[in-house]
Amino acid sequence: MKSTFHSNHFTEKKIVRRYSLGYRTQQLLEEDSEYSNPDIKLNLKEIQMDGIHISIRNEKIRPPFIMEVEHDFPFLKMHFEIEGSSSYTPKNDKSLAVNIPNGHYNFFFLPKVKGTLTYNTTIRRTLEINFTKTYLKRVFGQSFTEASSTYGEALKNDVPFLMWEQSRPITPRLHIIIQEIIDCKFDSSIKKIYLESKITEILTILFNELKNKKTLEKNLVEEDYQKILEAGSIIRKNLKNPPTIPELSIISGINQFKLKQHFKLVFRKPIFTYITDLRMEKAKQLIVEKGYTVTEASYEVGYKNPQHFTAAFKRKYNYLPSRLKSNQPT
C-alpha cells in the first residue's frame with residue numbers, strides 16, 4: 001500500500017510512504033520521526049498493529065499549507081483535529097469533501113483518495129486512526145453489519161461515506177480516550193492490547209452515534225442544530241467563565257427550552273454536565289502535560305474553590321486529582 005504527497009512546501013516536493021498490505025504485522029511497530037523546513041516543523045509518532053495504523057501528529061506550519069494526496073488503497077479513518085484544521089477536496093467521484101475544524105472529528109470511508117489537503121492554522125495536533133475492513137470484521141464478528149449501521153452498508157457497496165456532513169465537536173468522553181491513546185506508555189505487548197481496546201471503544205461510541213443519528217435528524221432542524229453547535233463552541237471558548245443558560249440562549253439565538261432539550265440531544269448530556277466534563281478533562285491535561293498544581297488547574301478551569309474542584313473530580317473519576325502528580329493510589 002502506498003501514499004503519495006506532493007507539495008511545494010516540501011523540500012523534496014514529493015514524499016512517498018509505503019505500508020504492508022492491510023497493515024499486516026505480527027507485532028506492534030512504532031516509529032517516531034521529525035521533519036523540518038521553513039514551512040513546516042513536524043513531530044510524528046506512528047504505530048502499526050495488525051489492521052490498524054495510528055498517527056499522532058504535532059506540527060507547526062506556515063499556512064495555507066497545501067498538498068496533493070493520493071492513496072492506492074481504500075481509506076477507513078477516524079480523524080480527530082485536537083487543535084488546528086484540515087480540509088480535503090477530492091478530485092474523483094469515489095471520495096467526498098472532508099472538512100474538520102479545530103476541536104472537531106469525523107469518521108469516514110473513501111474507496112479512493114486523490115485530492116487536495118489544505119491546512120489553515122499555524123499549529124496542528126491530531127490523532128488519526130486508519131484501519132481495514134478485515135480488522136472491523138475481526139473485532140465485531142457476526143454483529144458487524146448490525147453494529148456498523150449505514151457505515152457497514154457503505155463498505156459493503158464500496159461507496160464513500162462521511163459520518164457527519166459537518167464535522168462534530170470532540171466530546172469530553174472522546175477527549176479522554178484520545179489522551180489515553182496519546183499518553184500510553186506500556187511495553188509493546190501490553191500496549192497492543194491496550195490500544196486495540198481503546199480503538200474498539202471509540203468505534204463502539206461512533207457506531208452507537210450512527211444508530212442515534214436518525215433520531216437526531218428527525219427531531220432537529222438544520223438551523224437549530226447549527227445553533228446548538230454554536231452554543232457548544234461558546235462554552236468551550238469560555239470554559240473558565242461560561243455564560244449562564246439565559247445568556248447562552250440569547251447569544252446562540254435559541255430559546256431556553258429548545259436550548260436545554262436540543263443540547264442534550266446533540267451532546268448526549270445536559271449543559272451543566274457538559275461544562276463539568278470539559279473542565280475535568282482540561283484540568284487533567286493542565287496537570288499532566290503542563291505541570292500545573294491541582295490548585296492552579298482548578299482556578300484555570302473556573303473553580304474559585306479548589307476543594308470544590310477536588311470533590312467534583314473525585315465524583316467523576318473516583319480518585320483524587322493529586323494522584324495525577326504523585327501517581328500514587330488514593
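Trainee: Which helices cover the buried residues of α6?
Mentor: Look for contacts, meaning heavy atoms within 4.5 Å. The cover on the buried residues of α6 includes α5 (222-237), α7 (256-267) and α8 (271-289). Helices (H or I, at least four residues) and strands (E, at least two) are DSSP runs, numbered from the N terminus. Before we go on, this is a predicted model: local features need pLDDT of at least 70, side-chain atom pairs count only at pLDDT 80 or more, while totals for chains, interfaces and linings use all residues. Residues are numbered from 1 along each chain as its sequence is written, and side-chain values use heavy atoms, with hydrogens and water left out.

Trainee: Which residues of α6 are buried?
Mentor: Buried means under 20% relative accessible area, exposed over 50%, and partly exposed in between (1.4 Å probe, protein chains only). In α6 (residues 245-252), Leu-248, Ser-249 and Ser-252 are buried.

Trainee: Why do they line one face of the helix?
Mentor: An α-helix has 3.6 residues a turn, so residues three or four places apart point the same way. Down the axis of α6, the buried residues fall within an arc of 105°, so they line one face (the arc is that of the directions from the helix axis to the C-beta atoms). On the face turned away from that buried side, α6 carries the exposed residues Ile-250 and Ile-251. Just after α6, Gly-253 takes a positive phi of about 75°.

Trainee: How many aromatic pairs are there?
Mentor: Rings of Phe, Tyr and Trp (its six-membered ring) pair if their centres lie within 6.5 Å; planes under 30 degrees apart count as stacked, over 60 as edge-to-face and the rest as tilted. That rule gives 26 aromatic pairs. Take Tyr-23 and Phe-73: the ring centres are 6.3 Å apart and the planes at 80°, so this pair is edge-to-face. Tyr-23 is in the loop between β2 (14-18) and β3 (29-37), and Phe-73 in the loop between β6 (65-71) and β7 (75-83), so the pair ties together parts 50 residues apart in sequence. Both Tyr-23 and Phe-73 are buried.

Trainee: What about Phe-107 and Phe-207, which form an aromatic pair?
Mentor: That one is tilted, at 6.0 Å centre to centre with 55° between the planes. Phe-107 sits in strand β10 (residues 104-110) and Phe-207 in helix α4 (residues 188-219), 100 residues apart. Phe-107 is buried at 0% relative accessibility, and Phe-207 is buried too, at 3%. They belong to one aromatic cluster, whose members include Phe-131, Tyr-135 and Phe-140.

Trainee: Which charged end sits over the ring of Tyr-303?
Mentor: A charge sits over a ring if NZ of Lys or CZ of Arg is within 6 Å of the ring centre and within 35 degrees of the ring normal. Over Tyr-303 sits the charged end of Arg-279, 5.3 Å from the ring centre. Lys-316 lies over the face of Tyr-317, 5.4 Å from the ring centre.

Trainee: And what does Leu-155 touch?
Mentor: Leu-155, in helix α2 (residues 144-157), is buried at 5% relative accessibility. Not counting residues up to four places away in sequence, Leu-155 touches Leu-76, Phe-109, Lys-133, Leu-136 and Phe-144.
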